[in-house]
Amino acid sequence: MRVSGADLTDIARLIVGRLPAPRHAELATFADAEGAAIDRGIALYFRAPQSMTGEDVLELQGHGGPVVMDRLLERVCALGARLARPGEFTERAFLNNKIDLAQAEAVADLIDSASKRAARAAMRSLDGEFSARVNQIDRAVLDLRVYLEAAIDFADEEIDFLAESDAAAQLDAIASLIEGLVDESRRGEALREGLDVVIAGPPNVGKSSLMNRLLAENRAIVTDIPGTTRDLLKADIEIQGIPIRLTDTAGLREGGDRVETIGVERARSAMAAADLVLTVEDASVAAIGGGSESGGLASKFDPSTGRSLRVRNKIDLTDEPPGDGGDMVRISALSGAGVDALRAAIAKVAGVAPGEGAYLARRRHLDALTAALGHCRAATRRVDEGCGDLAAEELRSLQARLGEIVGLTTVDDLLGEIFGSFCIGK
């Protein structure tokens, strides 16, 4: 149990019997109002500002159990404490300048990590690596603003401040820094949010077999009877550290009974909402010149957006080699041939390459960086036009968007939304 506040001397003395020495673990008995033992455990005291929240912090580490913890909680509250709001400890750390806003969000992201890779990325953000990159860009912008503001203040001087500062080259360098961070943030967003991947196609092309192969278990029923899958079947998997929400759907075809028709409607709705649609076709049918609805299905999605990926299944019945064929991935869901290439293709759509490097960024971080890049490019145009005052205004706006990421410029509604998503106790 963690207690944070301005002065915890009385609470510590009445529960532990004394105020423990700062930053030393001490064995103690936790007493109730009558002096009877509630529990026996470790007491730790952190004196402000050398604590997680920047305030005095008392930690009581007992044996746990709901009854014991409830009694200890009642005792602490009776002595003047109150229950923390969700995220309040981290919020106090932010307000007391112990961490910035991006690091505060990384605490929640670390707790909610859906994969080991996402957890490592969140830890990098919590350690301040992401914030350091943002601050690096901010310092470069500030250095350039000094020259541009001087050009405004000393317009009558014979000094060409824009030329002296080599503003165009500096702006190009700043744009490159932002672009690099945008790219890493996009990968980090995929690690945090994951992908909704829908398996779609006509009946009997092996959609459910592919689902089972990716899951490595027989979750979906597989038969040679068209229309076996009638409803959406969902499961969670992980591909190269990316959380994937996988959905198997009913075969897309006209006709069928009422239940199958409803299943097809749900399949199309799932496809419309998906981050990626795997459009499956039967290689054995195509090999003998048979028709396939997969071609028409794929044409409904623009491949350049990364929303659709053609999957040619049942190559075990043909002579086609497995793997990525450029415009499609050839696999056998029955034998597993080519499935590793399909996993790699899904990860490529997510923009997450093998290895480390991404930060577990949020959508608001990506939006702010994208807007900052727009201001940087606008400033470049103004410099080319010789408008130093307008370029300086674009850089001011650029810095404001960077400040939103680390919390230099915030609004109360944003803070409430961020910290309200935390679990109680963090």
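Which residue stands opposite A28 in β3? The first legend gives the answer.

The model is predicted, and local features need pLDDT of at least 70, side-chain atom pairs count only at pLDDT 80 or more, and totals for chains, interfaces and linings use all residues. Residues are numbered from 1 along each chain as its sequence is written, and side-chain values use heavy atoms, with hydrogens and water left out.

**View 1. An open sheet of four strands with antiparallel pairing.** The strand order is β1-β4-β3-β2. Helices (H or I, at least four residues) and strands (E, at least two) are DSSP runs numbered from the N terminus, and two strands pair if DSSP finds at least two bridges between them. β1 (2–5) and β2 (26–31) each have a single partner strand and stand at the edges, so one side of each lacks a neighbour in the sheet. From one strand to the next, the twist averages 35°; axes are lines fitted to C-alpha atoms, for helices over the stretch in contact, and angles run from 0 to 180 degrees between N-to-C directions.

**View 2. The pairing of β2 with β3 (residues 37–46).** Six bridges join these two strands in the antiparallel sense. G41 in β3 is the residue opposite A28. Helix α2 (residues 66–78) packs on the sheet and touches β1, β2, β3 and β4 (56–61), where contact means heavy atoms within 4.5 Å. The direction of α2 makes about 60° with that of β3.

**View 3. The salt bridge between R362 and D109.** A salt bridge is a side-chain nitrogen of Lys or Arg within 4 Å of a carboxyl oxygen of Asp or Glu; by this rule the count is 25. The N to O distance for R362 and D109 is 3.0 Å. R362 lies in the loop between α13 (339–350) and α14 (363–384), and D109 lies in helix α4 (residues 101–111), so the pair ties together parts 253 residues apart in sequence. R362 is buried at 11% relative accessibility, and D109 is buried at 5% (buried is under 20% relative accessible area, exposed over 50%, partly exposed in between, with a 1.4 Å probe and protein chains only).

**View 4. The salt bridge between E179 and R377.** The closest N and O atoms are 2.9 Å apart. Because E179 lies in helix α8 (residues 167–193) and R377 in helix α14, the pair ties together parts 198 residues apart in sequence. E179 is partly exposed at 36%, and R377 is partly exposed at 43%.
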